[in-house]
Amino acid sequence: MLCTWITSDLQLPLILTLFLVTASTITSSMDRKQSTVTPPAEVNTSLSVLVGTKAVLSCPPVLWTSMLLSTWEIVLRDKLPCFRAFRGDTNETKGGNCTDERITWASRLDENPALQIDPVAITHDGYYRCQMVTPDGNFHRGYHLQVLVPPEVTLVQTENGTAVCKAVAGKPAAQISWTPEGDCVTEQKRHWGNGTVTIQSTCHWEGRHVPNVSCSVSHLTGNRSLSTELDQDAKTSAPLRILRIVPPIFIILVIVGSIWLLKISGCRKCKLKETEHTSVVEEDEMQPYASYTEKNNPLYDTTNRVKMSKVLQSEVDGMSLHTVYVPEV
């Protein structure tokens, strides 16, 4: 019994000693953790903003009173990076090489060094990074800014019976679907100047009775749907239109040709009349001269007499008349 009591008296101080050592160790480790602040890792966020609206980009949430320096790095598409900075202890701001007047500070810099873009344009696509320097370390936050542009949607029917749905100049590219589904071909045209994309879908329903079709356009800025009545006789309407156009053209050509022929015939008759009239006038003009020549020209008179003698002689020979000479008594 004596040995057992002595052993119990020795265990109690030992247990107390171990407890105190463990407690002091835990307390010291907790104190070390509280005195050491580890800055969080850099956070990058994807942000989509509709063109023409206002965007506000915030820095990491830290105590503004402990902020020493705040900087924004702006990397726009196809441009060199630019910087904006604010120094907390002196309230100084520097714009660096950022010249876009639509990118400004959002509010009082001693309260919140957020960045504001108003209005947002397509050219503001890019990466924006805020860095804050404090006594506890540096804090970062980045934004991958994507500017959204709603497409212009149209739906038309062509002469050959097909339907064409377009989503023009959207950013990013839209998606087009049809109801009911048909034989469709989709084309994409990218506008490299501003990053917008035009989507065109051409669809036809060969051999099927489809009275109405719908074109649905899906986009991040919103969805749109257009419908139209499909003319099943569109494929045959073109030949019919041609047949309707040909007869009037033929009639017009016949009328024009007839007028042209009548005009030519009339011209010919006029020319003949003018020629006959000219001949008569020339004969009438020559008659007085001929009469005068016969009356006053002896040579012409002698010639006529010779001609008349020959005529009389021929008549006499034809009648077999003989001349009888009677001698004078």
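The model is predicted, so local features need pLDDT of at least 70 and side-chain atom pairs count only at pLDDT 80 or more, while totals for chains, interfaces and linings use all residues. Residues are numbered from 1 along each chain as its sequence is written, and side-chain values use heavy atoms, with hydrogens and water left out.

To start with the inside, the largest nonpolar core has 25 residues. Such a core is a set of buried Ala, Val, Leu, Ile, Met, Phe, Trp, Tyr and Cys residues joined through side-chain atoms within 4.5 Å; buried means under 20% relative accessible area, exposed over 50%, and partly exposed in between (1.4 Å probe, protein chains only). L57, W72, I74, L115, I117 and Y128 touch the most other members. Seven strands each put in at least two residues, namely strand 2 (55–57), strand 3 (69–76), strand 4 (82–87), strand 6 (103–105), strand 7 (115–117), strand 8 (126–134) and strand 9 (137–148). Strands here are DSSP runs of E, at least two residues long, numbered from the N terminus. Strand 9 gives the largest share, four residues. A second, separate core holds 17 residues, among them A163, V197, C215 and V217.

Setting aside neighbours within four places in sequence, L115 is in contact (heavy atoms within 4.5 Å) with A55, V56, L57, W72, I74, R84, I103, T104, A106 and Y128.

Strand 9 also turns up in the pairing, where two strands pair if DSSP finds at least two bridges between them. Strand 1 (residues 43–50) runs parallel to strand 9, joined by eight bridges, and V49 has V147 as its bridge partner. Strand 8 pairs with strand 9 in the antiparallel sense over nine bridges, with Y128 partnered by Y143. Strands 8 and 9 form a hairpin with two residues between them.

Then there are three salt bridges, each a side-chain nitrogen of Lys or Arg within 4 Å of a carboxyl oxygen of Asp or Glu. K171 and D125 meet at 2.3 Å, N to O. K171 sits in the loop between strand 11 (163–170) and strand 12 (175–179) and D125 in the loop between strand 7 and strand 8, so this pair ties together parts 46 residues apart in sequence. K171 is buried at 8%, and D125 is buried at 10%. R87 and D89 meet at 2.9 Å; R87 is partly exposed at 42%, whereas D89 is exposed at 52%. D100 and R102 have their closest N and O atoms 3.1 Å apart, with D100 buried at 18% and R102 partly exposed at 33%.
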